[in-house]
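Subject: Structure handover and notes

Hi,

Here is the structure I promised to pass on.

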Amino acid sequence: MATGSVDPSQDRWMIVHPEVADALEHRRPVVALESTIISHGFPWPQNLEVAQAAEAVIRREGAVPATVAILDGVIRVGLSSEHIEALAQRQGVTKVSRRNLSLVLGQGAWGATTVAATMWCSARAGIRVFATGGIGGVHRGGAQSFDISADLQELARTPVIVTCAGAKAILDIGLTLEYLETHGVPVIGYGTDRFPGFYVPATAYAVDGRLDTPEAVARAAHIHWSLGLESGLLVACPVPADAALPVQTMEAAIDRALQAAAAAGIARAEVTPFLLDEIRRTTEGESIGTNVALVRNNAAIGARIAGALALL
Ligand code: PSU
Ligand code: MN
């Protein structure tokens with residue numbers, strides 16, 4: 001399998017944490033985590049709590065967590081707890097996707113990696129599983145605005161399993177799934193036939209296939225990559241029922257957020273953080289508990305999949 005991974009000790013731009021490097025070398029399960037969720041997805045101090053909770057869940061499931069971020073112009077795959085705390089407290093950290101990765105490294109700056117950038121870094125380090133909250137997608141009105149997250153292109157070209165709770169309803173879920181279909185990305189429903197809706201366990205849209213166990217997902221990925229298909233696989237995990245939000249609450253909040261974004265002329269990389277922030281404000285933080293619960297759930301499932309993958 002072509003992984004694009006390089007010898008970490010030879011790498012000028014990427015430092016793999018020794019614990020992560022050791023696990024990879026001995027084929028023990030590793031799960032990557034993104035950092036945009038820390039710098040732009042949650043406010044302080046919940047951002048620190050969710051980052052620590054995701055790592056703890058992965059450890060409890062017997063895998064090694066590797067949070068990915070850029071510190072002082074170097075990609076870090078695996079952060080110390082001091083690094084995580086420093087990142088969570090820091091203001092003005094650049095949101096980094098594939099397009100601006102080299103620019104932020106060249107500046108010696110700090111950067112928070114999106115799903116796209118985290119996938120790319122994971123593959124380069126040899127990590128096969130990555131857990132997040134929700135992926136980016138095609139925004140509502142995307143056919144006109146061309147606002148399509150780079151996360152979708154990355155899923156199309158980078159061989160990493162991504163566990164998520166679906167994509168937020170701020171997006172056009174139908175167009176997002178059309179895009180993934182065109183680009184050959186398997187969309188797997190983890191214990192569900194329907195694509196999950198982030199705050200809610202299900203949307204009206206069907207997945208490509210339902211798989212009910214970590215072993216089944218690992219096997220699907222193994223077959224996919226054995227064939228030489230180079231894309232990622234999206235594993236969509238419904239938010240646990242007891243943490244889900246009422247659909248009406250969310251739809252109303254989303255409509256208000258979209259109107260506010262249009263009124264303020266928000267565009268490009270600011271769109272997603274702006275909408276998430278608006279929703280958080282207008283649901284008076286109610287969405288945060290749901291968001292934390294689904295990240296933990298995706299981290300646990302990711303760790304189990306990594307464990308199953310390590311046995312193949
Ligand atoms: N969805 C969330 N929370 C997030 C994001 C998405 O519920 O924090 C972040 C992820 O890092 C994702 C990014 O990769 O937003 C997508 O941004 P854009 O739409 O600009 O590609
Ligand atoms: Mn965008």
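Asp-255 and Arg-140 form a salt bridge, with their closest N and O atoms 3.7 Å apart; the term stands for a side-chain nitrogen of Lys or Arg within 4 Å of a carboxyl oxygen of Asp or Glu. Asp-255 sits in helix H11 (residues 247-264) and Arg-140 in the loop between strand E7 (129-131) and helix H7 (142-145), so this pair ties together parts that are 115 residues apart in sequence. Helices (H or I, at least four residues) and strands (E, at least two) are DSSP runs numbered from the N terminus. Both partners are partly exposed: Asp-255 has a relative accessible area of 36%, and Arg-140 has 33%. On this scale buried is under 20%, exposed is over 50%, and partly exposed is in between, with a 1.4 Å probe and protein chains only. The pair also belongs to a network of salt bridges that links Arg-140, Glu-251 and Asp-255.

Before going further, please keep in mind that this is a predicted model, where local features need pLDDT of at least 70, side-chain atom pairs count only at pLDDT 80 or more, and totals for chains, interfaces and linings use all residues. Residues are numbered from 1 along each chain as its sequence is written, chains are lettered from A and ligands numbered from 1 in the order in which they are written, and side-chain values use heavy atoms, with hydrogens and water left out.

How many salt bridges are there by this rule? The count is eleven. Another of them joins Arg-210 and Asp-193, where the closest N and O atoms are 3.4 Å apart. Arg-210 is in strand E10 (residues 209-211) and Asp-193 in the loop between strand E9 (187-190) and E10, so the parts tied together here are 17 residues apart in sequence. Arg-210 is partly exposed at 40% relative accessibility, and Asp-193 is partly exposed at 47%.

A further bridge lies within one helix. Glu-278 and Arg-281 meet at 3.1 Å, N to O, and both belong to helix H12 (residues 271-282), three residues apart, or about one turn of the helix. Glu-278 counts as buried at 14% relative accessibility, whereas Arg-281 counts as exposed at 53%.

Leaving aside neighbours within four places in sequence, Ile-135 is in contact (heavy atoms within 4.5 Å) with residues including Val-115, Asp-151, Leu-155 and Leu-234.

Asp-151 deserves a look of its own. Is Asp-151 buried or exposed? Asp-151 is buried, with a relative accessible area of 6%, and its place is in helix H8 (residues 150-157). Beyond four places in sequence, Asp-151 is in contact with Thr-114, Val-115, Ala-116, Ile-135 and Gly-136. A polar atom of the Asp-151 side chain lies 3.0 Å from the backbone nitrogen of Ala-116.

Finally, some backbone geometry. Most residues other than glycine have a negative phi, and most peptide bonds are trans. Trp-44 and Pro-45 are joined by a cis peptide bond, with omega about 0°, and Pro-45 lies in the loop between helix H2 (36-41) and helix H3 (46-60). Asp-72, although not a glycine, has a positive phi of about 50°. Asp-72 lies in the loop between strand E3 (64-71) and strand E4 (74-77), and Asp-72 is exposed at 54% relative accessible area. Arg-268 likewise has a positive phi of about 50° without being a glycine; Arg-268 lies in the loop between H11 and H12 and counts as exposed at 67% relative accessibility.

Best wishes

Key
Polar contact = N/O pair within 3.5 Å; in protein donor to acceptor, adjacent residues only side chain to side chain.
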